[in-house]
Amino acid sequence: MDTGGRSPTLTFLGGAGTVTGSKTLLETEQGRLLVDCGLFQGSKELRLQNWSDLPIPPESIEAVLLTHAHIDHCGYLPRLVRHGFRGPVYCTEGTRRLAEIVLPDSGHLHEEEAAYANRRGYSKHHPALPLYTEQDAIDSLRHLETVPFDEPCPVGAGVTATWQRAGHILGAASIRLRVDASGDEIVFSGDLGRSDHPLFLPPADVGRADVLITESTYGDEVRPETDSAEVIALAVDRAVERSGAVIIPAFAVDRTEVVLWHLDRLVASGRVPSIPIYVDSPMALRALEVYRSEARKGSVEIRPELHGASLFPALDLTEAHTADESKALNEIQGPMIIVSASGMATGGRVIHHLANRLGDDRNTVLLVGFQAAGTRGASLRDGARQLKMFGRYVPVRARVMSTALSSHADQTALVDWVGTASPKPDVVFVNHGEPDGAATLAEALDARLDLCAVVPRPGERVRV
């Protein structure tokens with residue numbers, strides 16, 4: 001193993017210069033560890049990187065350490081296993097439970113995309129192949145080994161790792177790595193949540209970190225104080241007044257739960273009447289059950305007041321699991337609420353609900369998160385008067401409302417979290433962000449905390 005015979009090195013294989021594809025390689029004289037194993041998403045240029053071989057043989061990696069179960073942090077794992085990785089994948093119990101949902105679903109989608117490309121003949125490859133299959137994803141799950149929060153665990157390569165609460169989604173963690181030979185401590189933020197997340201405790205303090213790697217997804221944004229509950233209440237009020245439907249495109253993992261938490265509080269307090277709520281997303285429903293079970297058993301991540309509780313007891317909630325149950329919602333008249341994936345209206349069952357109800361001014365579309373440029377969600381947010389779905393244009397006559405329910409920390413929260421490092425880190429690497437976001441956060445860390453903050457280049461290798 002060539003690590004220069006001296007200090008360990010870090011190589012930023014993904015997540016550098018982008019908010020996706022998170023992968024960071026740690027090499028010591030005793031071996032190699034990969035922190036996160038994410039899929040590149042978004043533009044074609046980014047997605048093509050998923051097909052490129054890693055600069056090291058997968059079989060040479062001793063272990064993978066996952067911060068959480070979002071696809072941009074774990075979604076490359078099936079391909080890594082398919083190409084020769086044979087080691088353990090360490091993660092928290094919450095991450096394991098969610099990965100068992102999202103990874104097979106990801107493999108299924110890749111198979112569907114390849115099949116569609118072959119039917120339409122638009123791929124330059126004959127036949128078009130999936131990046132990995134659902135079976136590849138299922139095979140990769142056998143490598144998952146769970147670790148507890150806050151307990152040091154040997155993970156190979158002469159390294160001991162500790163998973164610390166990150167408050168982003170269920171199971172999300174920052175990871176502290178202690179290089180046993182030198183005693184150096186390297187901390188990876190993973191994705192950090194907001195301190196006011198309604199279900200989770202805030203991220204744990206950094207503590208000691210000789211080297212700190214922080215995400216910068218919202219490194220250039222300071223979110224205004226907005227009352228999301230009131231925006232949601234206004235949407236429900238409108239549905240009641242007009243006997244209409246509220247369509248809420250919501251990400252399947254965590255965002256659906258946060259939406260339901262707000263609705264539960266509004267109904268329980270009497271701010272809005274109880275009306276039928278339909279959750280129409282198989283993945284969201286599986287994730288919802290995981291969240292419910294973790295609350296019942298009193299997970300260390302969940303806010304103490306929710307321990308042992310049955311989540312969302314005030315709601316008139318119906319689960320639409322099958323395609324037929326989803327289609328049946330088209331025949332139901334309001335007032336009603338439909339929560340369905342995907343969050344940016346790029347696919348999934350929510351597209352059918354939008355196609356069916358956008359043309360009726362009694363209805364409301366409530367956007368509850370980030371809407372990337374070029375998505376249907378962004379078009380709706382920006383005032384589009386028509387939207388193309390299933391090859392046809394649908395007029396937009398429904399009212400469109402927006403509120404921010406992001407599970408990511410903004411710039412202020414990121415700087416505050418880095419500020420909990422004690423003593424001051426030798427260097428902070430600002431990773432997992434778009435170029436402007438990462439550069440702006442690095443400048444803020446320099447100005448406010450007097451830290452050496454560096455934005456790593458894709459593929460850059462540095463000594464610890």
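Visitor: Is glutamate 27 buried or exposed?

Guide: Buried means under 20% relative accessible area. Glutamate 27 has 5% relative accessibility, so it counts as buried. Keep in mind that this is a predicted model.

Visitor: Which residue forms a salt bridge with glutamate 27?

Guide: Start with the general idea. Side chains of opposite charge can pair when their charged atoms come close. Here the partner is arginine 32. The closest N and O atoms of the two are 2.9 Å apart. Arginine 32 counts as buried because its relative accessibility is 14%.

Visitor: Which residues are linked in a network with Glu27?

Guide: Arg32 and Arg461 are linked with Glu27 in a network of salt bridges.

Visitor: How many salt bridges does the whole structure hold?

Guide: The search finds 22. One of them joins arginine 194 and aspartate 196, at 3.4 Å from N to O. Another pairs arginine 381 with aspartate 382, with the closest N and O atoms 3.0 Å apart.

Visitor: Now the rings. How is a pair of aromatic rings described?

Guide: By the distance of the centres and the angle of the planes. This structure holds 2 aromatic pairs. In one of them, phenylalanine 12 and phenylalanine 429 have centres 5.3 Å apart and planes at 55 degrees, and the pair is tilted.

Visitor: Where in the chain are phenylalanine 12 and phenylalanine 429?

Guide: Phenylalanine 12 is in strand β1, residues 9-14. Phenylalanine 429 is in strand β20, residues 427-431. They are 417 residues apart, so the pair links distant parts of the chain. Both phenylalanine 12 and phenylalanine 429 are buried.

Visitor: What about phenylalanine 200 and tyrosine 291?

Guide: Read the distance, then the angle. The ring centres of phenylalanine 200 and tyrosine 291 are 5.7 Å apart. Their planes meet at 50 degrees, so this pair is tilted. The cut-offs explain the label: under 30 degrees is stacked, over 60 is edge-to-face, and the rest is tilted. Phenylalanine 200 sits in the loop between β10 (185-188) and β11 (211-215). Tyrosine 291 belongs to helix α8, residues 282-297. Phenylalanine 200 and tyrosine 291 are both buried.

Visitor: Which residue lies over the face of tyrosine 76?

Guide: Lysine 23 does, at 4.7 Å from the ring centre.

Visitor: Let us turn to the surface. Which residues form a nonpolar patch there?

Guide: Leu48, Trp51 and Leu129 form one. Together they have about 330 Å² of accessible area. Leucine 48 is found in helix α1, residues 44-48. Its relative accessibility is 48%, so leucine 48 counts as partly exposed.

Visitor: Step back to the whole chain. How many helices and strands does the chain have?

Guide: It has 13 helices and 22 strands. To judge the fold as a whole, compare the radius of gyration with the globule rule. The radius is 22 Å, close to the 23 Å that the rule gives for 464 residues, so the chain is as compact as a globular protein of that length. Its C-alpha atoms fill a box of roughly 70 × 55 × 40 Å along the principal axes.

Visitor: What share of the residues counts as buried?

Guide: Of the 464 residues, 58% count as buried.

Conventions: Residues numbered from 1 in each chain as written. Predicted model: local features only at pLDDT ≥ 70, side-chain atom pairs only at ≥ 80, totals over all residues. Heavy atoms only, no water. Patch = residues over 30% accessible without salt bridge, like charges linked within 9 Å, V, L, I, M, F, W, Y side chains within 5 Å. Areas by Shrake-Rupley, 256 points an atom, 1.4 Å probe, with all protein chains shown as cover. Salt bridge = Lys/Arg side-chain N within 4 Å of Asp/Glu carboxyl O. Helix = DSSP H or I, 4+ residues; strand = E, 2+ residues; numbered from the N terminus. Buried < 20%, exposed > 50% of the residue type's maximum accessible area, 1.4 Å probe, protein only. Phe/Tyr/Trp six-rings, centres within 6.5 Å; stacked < 30°, edge-to-face > 60°. Lys NZ or Arg CZ within 6 Å of the ring centre and 35° of its normal. Rg over C-alpha atoms; globule rule 2.2 N^0.38 Å.
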